[in-house]
Amino acid sequence: MTAAVPAAVPDEGETEQLRQQLAAAVDAARDAYRDTTRLIQVLDLLGRPAGSAELIGDMLNVLSDAFFADVVCMARVAGERLVVAASCGLPEDDPAYAQGWPVGEAARRTLATTEPTARHGTMPDDDAPGSVTGLGIRSAAWIPLSTEPYADTLLILFRSLDQPFAMSDLRMLTSVAARLQMALQERERHAVIEQLAHYGHLLARHLEVDPLLDEAAELLLRLTGADRAWVVTVEGGQGRLRAHRGLPPALLAAWPVPARSLDDLPACDAGLSEVLKVAVSRENGATALLYAGRERPRPFAQGTLEIMTIFANYLGVALTNAELYLALTDRATRDPLTRLANRSALVSHLDTLLSAADPTRIGVLFCDLDGFKSVNDLFGHEAGDELLMQVADRLRSSVRPDDLLARFGGDEFVIVLDRVKQLSEVAEIGARICADLDDRLVVCGEQVHVSASIGGVLGIRGEATPSTMLRDADAAMYVAKARGSGQVEVFDEDASHRSRDRLDLRAELLLARTRGQLHLAYQPIFALDSRAVVAFEALLRWTHPHHGTVPPDVFIPLAEETGAIVEIGQWVLAQACRQLAHWHRLPEGRGLGMSVNLSPVQLHQSQAAERTLDTIRTAGLHPADIWLEITEHSYLRHEVTEYAGALGAAGVHLVLDDFGTAYSNLSYLKRLPIEILKIDKSFVSGVTGPGGGQIDLSIVRAILAIADSLGLVAIAEGIETEDQRAALRALGCRLGQGYLLSRPLPAAQAGLLLRPQPQMPARAAQRGA
Ligand code: C2E
Ligand code: MG
Ligand code: MG
């Protein structure tokens, strides 16, 4: 058995040593525990989704508790002073926030070395804000918030506890500061990305390029925290400064610069420590460059270039949208052929001028080319377009820079004259434009004579409206055109009123047929010797609910202007054919002819001849039962020849109406298969007029001789007296119509005039018969 060895009893010294070791171990454990607790608190804070301000506030509180500090603050260098950005322990109105305090020795060293500094004992006055020195501070620590060069923010802890900041404290504080800085940067990035999305919206709302680029410069400055920002576009080898913020005026003079020097010489970087540049990429290559520059010896935050690139993408999309908008506006307001303002741009321009407060007046000139259709017909649409472009150029050089020139449609142009005093000015300008236009132009290798009919009006601001002015100018133009080509007519108030009535009628006429306001009257054409009715002339009547009977001389031209004549004319022919078919079924109506007036406008329609023959045949008639009256309109010769040829061949009789009133009628007679001439009533009324009617008598004699030599039948129009009838008979005229014999009558009354007929003379005169 071994004897137990009594334990060695430590002596006094050893006990003391052990006690100290134990105390140190307890201290170390407490420190470790405290540090761990502090770290957990800090990490917990950093992990929370709080915003930057809240995070800083909470962090300073935790540090104050954990490190027994009376005051903890975050302070930034501004010039030669430190200014508090956030604190725990300083009242909100402490001057340290607004004015700060001088950068002391400890702060300076910390900033320069980016190493933490600690002090213990009496503080030099200039190393703490005034309110803090009064607290009896015994120790303090200065921690750099980041270790990057040019870091300018410090975390500073002041405590009245007479205990120095240990090395382990400083290490821990440095680590906390770095983490805080990272967390703040992360939040800043988040905020920037949110801002970017918001700025993207701000950019997208600009539909015009200049305001867009201006906004881009402003947002770029804010996003990057730059001191200067500028936007350059590159076009045609030139870099143009389009928008900027913060550029000194002296630098602006350097622009534009050659595009190739943009790479090395941004022409705006004088005095800047760092310049960032990104290109705004577009589908068709980079068209813009964004620059951000910093003056201070402090670099851009990390990731700024990335942010600028994202921003440039937003700008690229916004620029594309702005261009699209421009193209759409252009299309909506310009005439694609001549590039002149179109009708809607004209109306809105006129509207703006008319609503301006200005004592002067506004003139409107309505120009319509003379004979444009024949250019189209003879030389083709390409030539027509070419002519319109040349005319647009002529007009452009004729108008004053302030006047608006617009293409109204087809061959119509409108000029808006701003600041006109009286109507005579409108007339003068109209005459000048008319003279400038009146010329020979070479169009697609062909010489074409151009002239225009121009109508003008004067409008009072606040009274006239675009539509009344355009309507009246249009009406004045028609009056000008009626006087011949290359004429100008201006309307004063009275004339405008008259034209207004006319235009109201024009609109109503479009509906007259469907409202049952149109009907036909029939004027008999007699054999002058036997007084037998050989045919009727169908004459259109319009009974207007307010104006009563509107004469055809008034409404036929209106129907021609609107094109309504095509449908109306077709209706007249069908109606007259039905009526004739009805009379043909009566024994006394056999062999009767029906004369129908045709407007030259009807001949514009394609297949006009086929439609005419169709109508005649549908009524159960033979083409030879119908006489079609054509009046001479020089600008329609081409169609008349074609149409007349086709109808003549089918057997329809062609009548040249109002013969003798137009100079070219004789040439018509040679070229068209005309069988009947109607001697105009102006000659007929003259055959027995004052002075024995010698002149008219000899004209009628000549007309009858021509008719005879060409084998044509002549009908005298407008016979009103027995003397006239006798004189015409004596001259050998066999057919006539007029009030003497019968006025135009409703169908029922006209039918009463019928009695068994001899063979129609016109048919005997049929060509080749
Ligand atoms: P127009 O074809 O020369 O028709 C003859 C015109 O002379 C008719 O006028 C007729 O009423 C009028 N008249 C007949 N006898 C006499 C007379 O003894 N003395 C006088 N002073 N006048 C007489 P209305 O019906 O007023 O027609 C005028 C013109 O309107 C016609 O002249 C014709 O060019 C046109 N018109 C009439 N109906 C139609 C139609 O259906 N289509 C087309 N395109 N034009 C028509
Ligand atoms: Mg007639
Ligand atoms: Mg006539």
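Is glutamate 629 buried or exposed, and at what relative accessibility? At 0% relative accessibility, glutamate 629 counts as buried, where buried means under 20% relative accessible area, exposed over 50% and partly exposed in between, with a 1.4 Å probe and protein chains only. The model is predicted, so local features need pLDDT of at least 70 and side-chain atom pairs count only at pLDDT 80 or more, whereas totals for chains, interfaces and linings use all residues. Residues are numbered from 1 along each chain as its sequence is written, chains are lettered from A and ligands numbered from 1 in the order in which they are written, and side-chain values use heavy atoms, with hydrogens and water left out.

Because glutamate 629 lies in strand β23 (residues 626-630) and aspartate 657 in strand β24 (residues 653-659), the pair ties together parts that are 28 residues apart in sequence. Helices (H or I, at least four residues) and strands (E, at least two) are DSSP runs, numbered from the N terminus. Aspartate 657 counts as buried, at 6% relative accessibility.

The magnesium ion (ligand 3) is coordinated at 2.0 to 2.6 Å by Asp657 (OD), Asp658 (OD) and two OE contacts of Glu717. The spacing of its donor residues in sequence is D-D-x58-E. Aspartate 657 bridges this ion and the magnesium ion (ligand 2), the two being 4.1 Å apart. Distant parts of the chain are linked by aspartate 657 in strand β24 and glutamate 717 in the loop between β26 (713-716) and α23 (722-731), 60 residues apart. Glutamate 717 has a relative accessible area of 7% and is therefore buried.

A search of the whole structure finds 32 salt bridges, a salt bridge being a side-chain nitrogen of Lys or Arg within 4 Å of a carboxyl oxygen of Asp or Glu. Glutamate 629 also takes part in one of these, with lysine 678, at 2.5 Å from N to O. Lysine 678 lies in strand β25 (residues 674-679) and glutamate 629 in strand β23, so this pair ties together parts that are 49 residues apart in sequence. Lysine 678 is buried, with a relative accessible area of 0%.

Salt bridges that share partners join Asp210, Glu235, Arg240 and Arg242 into one network. Within it, the closest N and O atoms of glutamate 235 and arginine 242 are 3.5 Å apart. Glutamate 235 is partly exposed, at 42%, and arginine 242 is partly exposed, at 22%. Elsewhere, aspartate 27 forms a salt bridge with arginine 30, with 2.4 Å between the closest N and O atoms. Both residues lie in helix α1 (residues 12-47), three residues apart, about one turn of the helix. Aspartate 27 counts as partly exposed, at 35% relative accessibility.

Alanine 427, in helix α13 (residues 423-437), counts as partly exposed at 25% relative accessibility.

Technical notes
Donors are N, O and S atoms within 2.8 Å of the metal (3.2 Å for Na, K and Ca); water is not among the atoms, so sites may look incomplete.
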